[in-house]
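User: I'd like a close look at one part of this protein, the charged side-chain pairs. Could you walk me through them?

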Amino acid sequence: MSRHASISRPYAPLLADMFGRERELADARDLFSSSRLVTLTGPGGVGKTSLAAAMSSTVERAFREGTRFVELGALRSSDTVAETVATNLGLSALPTMDAEEQLRRHVADRSLLLVLDNCEHVLPGCRRLVSSLLTVSSELRVLTTSREPLRIRGERVIVVRPLSVPPKDRHLTVGELRDYPAVAMLEARAKAVNDQFEITERDRSAVAELVARLDGMPLAIELAAARLRSLPVHELLDRINDRFALLNRGDLTATPHHHSLDALVQWSYDLCSPDEQLLWARLAAFSGSPALEGIRAVCGFEPLEGTKLLDSLDGLVSKSILLPELTRGEMRYRILETLRDFALERAQGSEDHARARRAHVEYYRTWATQTAKSFFGPGQVDSIQRLESDFTNIEMAFSGLLQDPGRSRDALELGSSLRFFWITGHLREGKRWLNRALATDRTESVERGNALWAAASVAALHGELPSAQRFLKEAREIARSVGDPRLAAHVATWTGQTALTSGDLEAAREAFETAYKVHVDLSDAEGRMMTLFLLGFVRSALGDHQGASDACQEAISLSESLGETWGRSYALWVLAFDAWTRQGLDVAGELAKQSLELKREFRDDLGTALVVNLLAGIALDNHDPKKAAQLLGIVEALWTLLDTETKAFGPVLASRYEAITRAAQERLGKAAFQRAYEAGRRLEPGRQMSLALGGAAAAEKGQASAVSGSDLLTPRERQVASLLAEGLSNRAIATRLVLSQRTVEVHVEHILSKLGFRSRTEAGVWAAQALQGKE
């Protein structure tokens, strides 16, 4: 029989193109040489069957008797596993011998790969049979797919994760979108049912959002692609909220639980114990990847206290309902949106779910507000990173507060508590949150006053000066009405910032100096730190270089005593800027790099853009206009991401920074400037930092060649380029790399575009020299 005869999946075409699974295929031979039992685990619909079939096909020649693929999804009892496997291997039943013994004799001394697909519902039978067969043949290898491991000694477990999807915060071209396996699969499957389908510039963002909403799950993508036969992408995305009703047209030849998304998830649910089902329902209160601390706080009430909660959590991990992820040393548990929606449908309206939701709101509200109060101290980086990780959950908590008429002040407090998160690189979200909270509660209160100056800071940095001034005017009136000096001092600090933005330096200095005195009197570390480096900048702009140095040095001393680094990074930037304006280039460069080193830990995109722009000016004055142009390209990418521009920081900064661009264009010429600028703009974040922190002397020889050459290419594009150097056709490259021919064509297009070549021959000649020894 054919080794794939029993595979009946709606995503069986993945055998021809694994969309991002190439590493597993490349490692398959080594894997089976070192492990006798390999289990592919992961949630239903993630592509375990397709990967198992592709892996078995890849290594088939390593086994004298080849591979045998046995589907167990239709079984109802563990007692029938051995009989099913024996039948699939072509063994006739013998009345004098049970099936397990027959199999033991059959595999003894045979070099064979046995693939058992869908073991999760008959684990006891699979565990017993596999253990028995491995004892009689040293050459037998077993590959299983299951939502939980067999737990046999020596078992190698590989977690099959969803396909990677485009990030939400990047503006990608259609070609760049296709580099993501989830998008490549959607396009390929859509073309299979509608040969007119094409991802267009108009559809670009909708496609990216669609595959993200589907969690990058191959089965969900397959079912969605089938709908693209009759629905445009935007229409499908609009309806995807009702995914279980919409994605119900699977392959009717497949096992029943793969007919539709709903049937697949129901199959997983039925395999869980009652406690595991209850925890799954409570986890619907979360989004994304909560940490254990959060799960305990939200889900750990009767009857799931203590050990029972941990046991149920372990069970959901074992069954691949939760995907554990180690994020910066902290274990988190990802629940796919598809699985969350399933649980939510069943839990909605129950008192148990309502209790979990209340606990969820309170846990994240408390954590965020306490984090803001202690932000200027040790652990700043961890706080910002955790805000990134927990943002979707904090947003759910915020929405819960807005919906409760009695908690509108808590919503105001939560919105303003995230002020550092907003101004490091999330201005659009900050504007949306704070405007919603301010519209919900208009009562004069300290909470509203704090939300107003936080909204003013976001508006000012977003370039919306009139809005910022309006917010501050109301906040000033509230501070006077309620008699709160701390609120008044923060309003004064941001009044100084808006004066700086409008170009009124004297008014800015007066506001900062007034605010500083009150912050010191109140021992307000946040207000003092923020005011000091802004005061330093204004003094520098007014020509008071000693005053600027004094303010920034005080900020740095305060920073060191508090154990914080965020404020210090801005004080260092101001000192670097001041040194640059006085042509102290070596000092300016060193201080700017120190600032940037601190900012890279925070992912402070706004501050990073300011420092990199300064480094562009330093590079220009050091007679390196090419590096200056590359750095300006990085700045443009960051401003686009943030939806702001240099003008938002006032005429002093804007005029100096904009002059850098004009001078670099004049020295390089428009064409050369644009090439270097574009190379910088397209760099990944890690390469951005490498270029910005690299020495100016090395820019021409080292950084520029790296940016314009191999480092502009993704790892996959470098592989394709290397094969172009061998003279292979697109079809031959597709065969070599186990890709579709269309995917290879896209990679070639990207290579030619990024490197500025006009033909495959030019790219091949370049690759033969530039990539030698790199692949």
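To start with, is R332 buried or exposed?

Analyst: Bear in mind that this is a predicted model. R332 counts as buried, because its relative accessibility is 2% and the cut-off for buried is under 20%. Its salt-bridge partner is E330, with the side chains meeting at 3.2 Å, N to O. E330 sits at 28% relative accessibility, so this residue counts as partly exposed.

Now for a pair that reaches across the sequence. R428 and D643 meet through their side chains in a salt bridge of 3.8 Å, N to O. R428 belongs to helix α22 (residues 427-440), while D643 is in the loop between α32 (625-642) and α33 (651-668), so the bridge ties together parts that are 215 residues apart in sequence. Both ends are partly exposed: R428 has a relative accessible area of 42%, and D643 has 38%.

Then there's R528 with E554, a salt bridge at 3.0 Å, N to O. Here the link runs from helix α27 (residues 525-541), which holds R528, to helix α28 (residues 545-562), which holds E554, and the two residues are 26 apart. R528 is partly exposed at 24% relative accessibility, and E554 is partly exposed too, at 25%.

Back to your residue: R332 also belongs to a network, where salt bridges with shared partners join E293, E330, R332, R386 and D390. Across the whole structure, the search finds 41 salt bridges, and the pairs above are among them.

Methods:
Residues numbered from 1 in each chain as written. Predicted model: local features only at pLDDT ≥ 70, side-chain atom pairs only at ≥ 80, totals over all residues. Heavy atoms only, no water. Salt bridge = Lys/Arg side-chain N within 4 Å of Asp/Glu carboxyl O. Buried < 20%, exposed > 50% of the residue type's maximum accessible area, 1.4 Å probe, protein only. Helix = DSSP H or I, 4+ residues; strand = E, 2+ residues; numbered from the N terminus.
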